[in-house]
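Please keep the sequence and the structure in view while reading.

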Amino acid sequence: KRKMSGNDTESKPAAVDVDSGRRGSPKEANEDESEGSTKKETPENNALGQEHSGEVGDSSIQIEDVESPSEDARVRNSDADNAIASIDMLSANVRASSVVLLNATLVEEETEPDVVVAEPLTLQKRWKALSVLSCFFLISLAVLISLLMTLGKDKSGVISDAPSSAPSSAPSFDTRSTLEIVRERGRVRCGGMEDNDGPFRELCRSVAAVIVGDPEAFEMVPVTALNRFQILKDRAVDLVVFGDTHTVEREVQEITTGTGFSFSSVYNYDGMVYVGNETFVDCAEGQKRYDTCASLVICAEEHSTHYEFVKRAFPLGYYKAGSSTDEILEMLFNDTCNVMARDKSTIPGSLDLIKGTEGRNFTVGTKMMTKEPLAIVTRNNDQEFSDIVNWVVLALVYGEEQGLIKNATLCQNHTDFPSHEMHDLNFLNAVYCVGNYKEIFYSDTDIDRGMNKINNGTGM
């Protein structure tokens, strides 16, 4: 007896002739083996073969060799032949399955696509294109300019002086210096209060005494708090002496005109005080807005530093604006407001008006709310004239410091100047013709000058 195993890889099973029941020759077995070896064995084939031969895998078939084919032997041989036939059928199935697996279509491995790296666009690589475009632009511009120039020529090819259409009216002004204009005019135009006989008028006379040579060669042009800067900008006046505070904002860009102005040296350090009903003056100084002070209303001139201060100190409803001093005085008298804000230096004139009213308990506050450096205002496009006005103010202070006073015999009252140059001016003529700083501002020796005292080295 001989045992055959489906998993035996070393010993090859001999081929069996099904018809005769005999073993095949080794040669035939080798032919079958060579035929089976043409199929490539793969792990998938082994697994599939084992799957198909699940019933036969480890089972073995035993074949007995007998000397005489008895009836029992023939039956056993017949069973063996049937088993061998089954094995052949299974082997054929395995081969067929292997053929199917080997005939599977292989998918070709995809190759990686070529990666194209984008090169950065630089001006260095595009310089030729940029050069061409630049040349084209310049040529086009030159052609356009030449065409525009030819439009102004007549048929003869000569440029015509006549305008193509009527010119629109444009504002114009004298391009000469302000000093030359004033001397040829023969008087100085000062923006201020028309009926003011106080220090503002004397300052204008001092400028006229230096520039024109005659302290009476001046004209006071009435201005208000609303229009004074615009009138100066429009050259309707040469300077403004209206008690204006020198601020950085006005020097750079004044709010009503949108332009800047020049300021002289300070001619008076002033400050805002409250004037009006005694109860409400106390409310204003303490910034109280409750109980009795709930009825507080303060009047101030619009576009003044007083008005700006009150706007910051009190909410809307506690203040009202007036266009002039006369208007805010009228508002105070008719109870539109019960307190007004004024410069301390202007209070004496205001009190004269207030004393004319009957049954009024008006008083002047004792607390100075602001500090106002007052200066003469000029246009900032003529530095020479601004310097002249500034030196007139300094000459008045110098006169008091040196003990120089008004002296008609030294006043050079003449208008014949050799030239329009600044070095021909006599600035002390302001002192001799009008008076020194103290004579103009503090002729009454009983007034406390405060910060406006001359600095003689002992302090202000």
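The sections below describe selected features of this structure, which is a predicted model.

## Helix α5 and its cover

Helix α5 spans residues 178–185, and its buried residues are Thr-178, Leu-179, Ile-181, Val-182 and Arg-183. The elements that cover these buried residues include two strands, β3 (188–192) and β13 (372–379). Helices α6 (199–211) and α13 (383–402) are also among them. Just after α5, Gly-186 adopts a positive phi of about 95°.

An α-helix has 3.6 residues a turn, so residues three or four places apart point the same way.

## Aromatic pairs

The model contains 9 aromatic pairs. One of them joins Phe-200 and Tyr-267 in an edge-to-face arrangement, with 6.3 Å from centre to centre and 75° between the planes. This pair links distant parts of the chain: Phe-200 belongs to helix α6, whereas Tyr-267 lies in the loop between β6 (261–263) and β7 (268–270), 67 residues apart. Phe-200 counts as buried because its relative accessibility is 11%, under the limit of 20%. Tyr-267 is buried as well, at 1% relative accessibility.

A second example is formed by Trp-391 and Phe-427: the ring centres are 5.8 Å apart and the planes stand at 85°, so the pair is edge-to-face. Trp-391 is located in helix α13 and Phe-427 in the loop between α13 and α14 (429–433), so the pair ties together parts 36 residues apart in sequence. Trp-391 is partly exposed, with a relative accessible area of 35%, whereas Phe-427 is buried at 17%.

Ring pairs also build a cluster, which consists of Phe-200, Tyr-267, Tyr-437, Phe-441 and Tyr-442.

## A buried arginine

Strand β11 covers residues 339–343 and includes Arg-342. This arginine is buried, since its relative accessible area is 7%. What does the side chain of Arg-342 contact? The side chain of Arg-342 makes a polar contact with the side chain of Glu-301, at 2.9 Å.

## A nonpolar surface patch

On the surface, a nonpolar patch is formed by Phe-137, Leu-138, Leu-141, Leu-144, Ile-145, Leu-148 and Met-149. Together these residues have about 720 Å² of accessible area.

Met-149 is part of helix α4, which runs over residues 127–151. Is Met-149 buried or exposed? Met-149 is exposed, because its relative accessible area is 54%, over the limit of 50%.

Definitions and conventions. Residues are numbered from 1 along each chain as its sequence is written. This is a predicted model: local features need pLDDT of at least 70, side-chain atom pairs count only at pLDDT 80 or more; totals for chains, interfaces and linings use all residues. Side-chain values use heavy atoms; hydrogens and water are left out. Helices (H or I, at least four residues) and strands (E, at least two) are DSSP runs, numbered from the N terminus. Buried means under 20% relative accessible area, exposed over 50%, partly exposed in between (1.4 Å probe, protein chains only). A polar contact is a pair of N or O atoms within 3.5 Å; within protein, one must be able to donate a hydrogen and the other to accept it, and residues adjacent in sequence count only if both atoms are side-chain atoms. Patches are made of residues with over 30% relative accessible area and no salt bridge: like charges are joined within 9 Å, nonpolar side chains (Val, Leu, Ile, Met, Phe, Trp, Tyr) within 5 Å. Accessible areas come from the Shrake-Rupley method with a 1.4 Å probe; for residues, only the protein chains shown count as cover. A salt bridge is a side-chain nitrogen of Lys or Arg within 4 Å of a carboxyl oxygen of Asp or Glu. Contact means heavy atoms within 4.5 Å. Rings of Phe, Tyr and Trp (its six-membered ring) pair if their centres lie within 6.5 Å; planes under 30 degrees apart count as stacked, over 60 as edge-to-face and the rest as tilted.
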